[in-house]
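Hi,

Here is the model I said I would pass on. Have a look at it below, and my notes follow.

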Amino acid sequence: MALLRGNCPRCNTIGVTFDILYLVSTPYDDATSTSNEAFLKCRNCDKTTSAKIEILNESVVNYTKNIDDFQIKFDHLIAIASFVTLQKSISRSTPDGLPDHIDSRFREALICMEHGCNNAAASTFRTCIDLATRSLLPAEQVDGLSEKARRDLRLRLNWLIKNGQISKKLEALAECIREDGNEAVHLATLDENDVNEIYDFAYFFLEEMYAIQFRLDRARARRSARNIDKQN
Ligand SMILES: [Zn+2]
């Protein structure tokens with residue numbers, strides 16, 4: 001049996017020996033690159049696990065077809081990079097064109113949501129709205145926009161909707177997230193339906209704020225590229 005040393009995520013043994021049951025290259029979702037993975041069995045706990053592996057030596061391909069035939073250690077050929085988990089998988093989509101600092105939080109909120117962590121999800125979606133709306137406020141003093149309204153998300157949303165910075169069409173949904181968001185922080189009483197409503201508002205608001213411009217920029221870039229091709 002081919003062998004590999006590593007740390008077992010099932011029994012937490014450090015430096016344990018795994019039997020390598022299978023090595024495979026699988027395409028990523030974007031189909032432009034592949035992920036090398038190994039199916040391993042821990043010799044301490046006898047449980048199996050899948051690992052993403054780093055190729056240390058390309059000669060490993062010579063051993064992959066009939067790996068059971070090789071009674072050797074693979075430590076000089078491959079190394080465990082991480083273990084495969086579905087914990088971070090998300091089935092819902094994120095709006096296009098989000099800035100990185102909002103995109104990472106939105107994905108975090110979706111992970112919380114999919115694992116039933118309703119209050120954490122609501123609070124993190126609220127943070128996305130908070131970060132996005134700050135950039136909509138004018139830097140200068142404006143009548144009707146108090147310092148408190150700048151700081152408080154609920155008051156800030158009121159002002160932005162009233163002044164046309166957020167679509168009136170989202171007003172009803174915004175009403176729900178303001179209340180739910182505050183509950184998420186203070187009362188911790190949210191259920192799945194509450195979080196679904198917060199997701200809806202966060203998604204539609206961020207989609208309107210970022211995605212349309214993102215798609216316009218993308219279309220403009222494609223048109224420029226086509227024009228350059230024609231000139232050449
Ligand atoms: Zn183990």
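**Helix 5 and its buried side**

Helix 5 buries Arg 156, Leu 157, Trp 159 and Leu 160; buried here means 20 or more other C-beta atoms within 10 Å of the residue's own, exposed means 12 or fewer, partly exposed is in between, and the C-beta atoms are placed from the backbone. They sit on the same side of helix 5, because they cover an arc of only 165° around the axis, the arc being that of the directions from the helix axis to the C-beta atoms. Helices (H or I, at least four residues) and strands (E, at least two) are DSSP runs, numbered from the N terminus.

Leu 153 also belongs to helix 5, but counts as partly exposed because it has 18 C-beta neighbours inside 10 Å. Its C-alpha atom is separated by 8.2 Å from that of Thr 133, 20 residues apart along the chain. Just after helix 5 comes Gly 164, with a positive phi of about 75°.

Before the rest, two things to keep in mind. Residue numbers start from 1 along each chain, as its sequence is written. This is a predicted model, so to speak of local features I need pLDDT of at least 70, and side-chain atom pairs count only at pLDDT 80 or more, while totals for chains, interfaces and linings use all residues.

**The overall picture**

The protein splits into domain 1 (3–83) and domain 2 (100–211), with bounds that come from an automatic or database domain assignment. Their C-alpha centres lie 43 Å apart. There are 7 helices and 5 strands, in the order β-β-β-β-α-β-α-α-α-α-α-α along the sequence.

The radius of gyration is 25 Å, whereas a compact globule of 232 residues would come out near 17 Å; that is taken over C-alpha atoms, with a globule rule of 2.2 Å times the number of residues to the power 0.38. Along the principal axes, the C-alpha trace spans about 75 × 60 × 30 Å. Of the 232 residues, 23% count as buried. Among contacts between residues at least 6 apart in sequence, 54% join residues at least 24 apart, a contact being two C-beta atoms, placed from the backbone, within 7 Å.

Helix 2 (residues 100–114) has 15 residues and should span 21 Å at 1.5 Å a residue, which agrees with the 21 Å between its end C-alpha atoms; the expected span is 1.5 Å times one less than the number of residues. Which of its residues are buried? They are Ile 102, Phe 106, Ala 109, Leu 110 and Met 113. Seen down the axis of helix 2, the buried residues fall within an arc of 100°, so they line one face. An α-helix has 3.6 residues a turn, so residues three or four places apart point the same way. On the other side of helix 2, Asp 100 and His 101 are exposed.

What do the buried residues of helix 2 pack against? Their partners are helix 3 (118–134) and helix 7 (192–231). Helix 3 has 17 residues and reaches 24 Å from first C-alpha to last, close to the 24 Å expected. Its buried residues include Asn 118, Arg 126 and Ile 129.

**Two loop residues**

Most residues other than glycine have a negative phi. Asn 12 is not a glycine, yet has a positive phi of about 65°; its place is the loop between strand 1 (3–6) and strand 2 (16–27). Asp 46 also has a positive phi of about 65°, in the loop between strand 3 (34–42) and strand 4 (48–55).

Cheers
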